[in-house]
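Here are my notes on this model. Please read them with the structure open.

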Amino acid sequence: MGAAVALLVGVLVASGVYLLLGRSLMRQIIGLSLLSHAANVFILLSAGLRGNVPVLGEAPAPYTDPLPQALILTAIVISFGVTAFLLALGYRMHLFEGGADDDDR
Amino acid sequence: MIAEMVAALPAAPIVVPLVTAILLLAGPRPRAQRLLGLAGSVVSLAAAAALVAATRRGEVLPIQAGGWPAPYGITLVADALAALMVLIASLIGLVALLYTIGARRDDRFVHAGWQFLLAGINWAFLTGDIFNLYVAYEVMLVASYFLLTHGTSRAQAREAFTYVAINLVASMFFLFAVALTYSATGTLNMAHLAERVPAAPVAPVRAAAVLFFLAFGIKAAVFPLFFWLPHAYAIPRAGIAAFFGGLLTKVGVYSLFRVFTVVFPGQLDGVLLWVAAGTMLLGVLGALAQDDIRRILSFHIISQVGYMVMGLGLASQLGVAGGLFYVLHHIVVKSGLILVGGAIEETHRTGRLDRLGGLARTNGPLALVFLLCALSLAGVPPMSGFFAKLLLIRAGLEAGQPWIVAVSVLVSVLTLLSMLKIYSGAFWGAGSPPRAPARLVAPAAALAAITLLVGLGAQGLYGLASTAAGHLTAPAAYVSTVLRK
């Protein structure tokens, strides 16, 4: 299980970097959000994948460490906000020039 | 009551600007906006001054948010280092805001973004928890994205997009490093990490250290991660650029100082001095190749960061103290220079040296302010820059690294050369350009006066920097106060 999730992180980073290196703004934004997903999955992995749901009274011990999930929640909110900002910025560049391609015309 | 207020003091430089920013978003009238923005900056400056007074003898003042004891809760820690950084951040925030108001470049959004940025910067200095440091960085960065893109043209929006993308990648490195650190040690509180890292497995700790270095290094613009800075800092108006150029990279430098002394001591030995040498040299060479005032100054930010990293790389208390002294001196001088560049741009609509000339004849005070700051940047006595470099050179010789001292002296000479290039291009020569109004010159003049005063009373600031460096090179008191109070 751990190896499969580690592989998933690798695939997310690879696709993120590939998209980020492209010319289109839209692709770059998607690439950046894939990179932040990779970081979030990696944090999940740092707690280990064993244990039960960390809700008191719901499941017997041992529980999974709940702290990384709280960290991920914060990181997701931040990356959501920044992605929204990037989309707005990209839209503004589109309005300026009428094309979201990253050309130096 | 008074004891409770003193205990809550370390949170004030974060809470005051945040509350001010939210009030500003509610949309008061222009006059009230200015008063509110200035009031927020003045109150956080006062709180910062009180913090410096309360920590000047080496006291460590922690706050455990929500009453959860460390390492379970989120800890804010004010020690001499954090207090000094908060003081300088609030000071520059206020002076650059005065300039922005003087240049009539302020509106509701600029004021609100300004306070959010100040809150994020102060937060990054005061936090005692590595994940919380990430959150502080993001608050600061989102505010900086906003200020950078507010009212820009398409070309500027493109540069800003690059800036945001690079910072997002740096944030991803940060998150990976946080995850590795947590899996290796089971904690994210810096003081708790200082206890646990020595016993943790070597490989993940080393990997986390490298990732932290990349994350902070991109933000601090060290060699070889500085390529984004000159483009990004040429976008905004000078008031905002002075705030950015003085402080944003220095938050990265501060994080390097904090994390690579308290949490991961000795993990980057041997690398840091090379990084420092490369940063100093390439920054100043880049500056020599430019012919626009603001671009020259942007490259100098990079070069000067090299000196700070040199202090960290020397790893002795004197070296770290010298590095911190350099940070404090540099923030004042660099912001002053950018504000002078801004005053020229506002009056002449250009910062290109080939279109300027003769400013010294009609703008005597501006020339004097520029000269004071430029000589201080190059390290000419009796300004603060001389003492900052003196400390670093002494620390370098004591540590047995004469080559880095040689590099730093060479870079000083080149710095002086490129400052003379601005002076001869813009201030000497033919032409009788119009006079810059006093409201644009006064903020930079205040900063020039500070660098002169700090130089004349260098002993006082050295004492504070030395106390701050003591918390970093020997963190035992910091660790025990945070964990057991």
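1. Helix pair in chain B. Helix H13 (residues 293-314) of chain B packs against helix H17 (residues 384-398) of chain B at an angle of about 35 degrees, and their axes are 10 Å apart. Axes here are lines fitted to C-alpha atoms, for helices over the stretch in contact, with angles running from 0 to 180 degrees between N-to-C directions. Helices are DSSP runs of H or I with at least four residues, numbered from the N terminus. The crossing of H13(B) and H17(B) is left-handed; that is, the near helix is turned anticlockwise from the far one by less than a right angle.

2. Basis. This is a predicted model, in which local features need pLDDT of at least 70 and side-chain atom pairs count only at pLDDT 80 or more, while totals for chains, interfaces and linings use all residues. Residues are numbered from 1 along each chain as its sequence is written, chains are lettered from A in the order in which they are written, and side-chain values use heavy atoms, without hydrogens and water.

3. Residues of that crossing. From H13(B) come B:Tyr307, B:Met310, B:Gly311 and B:Leu314; they meet B:Lys389, B:Leu392, B:Ala395 and B:Gly396 of H17(B). Contact means heavy atoms within 4.5 Å. The residues of this contact divide into five nonpolar, two polar and one charged. In this scheme Ala, Val, Leu, Ile, Met, Phe, Trp, Tyr, Cys and Pro are nonpolar, Asp, Glu, Lys and Arg are charged, and the others, Gly among them, are polar.

4. Interface of chains A and B. Contact involves 33 residues of chain A and 29 residues of chain B. The buried area is about 2700 Å², with 79% from carbon and sulfur atoms. This is the accessible area (1.4 Å probe) lost on putting the two parts together, summed over both. Between the chains, the count is two residue pairs in polar contact, both at pLDDT 80 or more.

5. The chain A side. Helices H1 (2-20), H2 (25-46) and H3 (67-97) of chain A each supply at least two residues of the side that touches chain B. H3(A) gives the most, with 14 residues. The residues of this side divide into 22 nonpolar, five polar and six charged.

6. Backbone points to check. Most residues other than glycine have a negative phi, and most peptide bonds are trans. The bond from B:Phe223 to B:Pro224 is cis, with omega near -5 degrees. B:Pro224 is in the loop between H9 (202-220) and H10 (229-232) of chain B. The bond from B:Pro381 to B:Pro382 is also cis, with omega near 5 degrees. B:Arg104 has a positive phi, near 60 degrees.

Technical notes: Polar contact = N/O pair within 3.5 Å; in protein donor to acceptor, adjacent residues only side chain to side chain.
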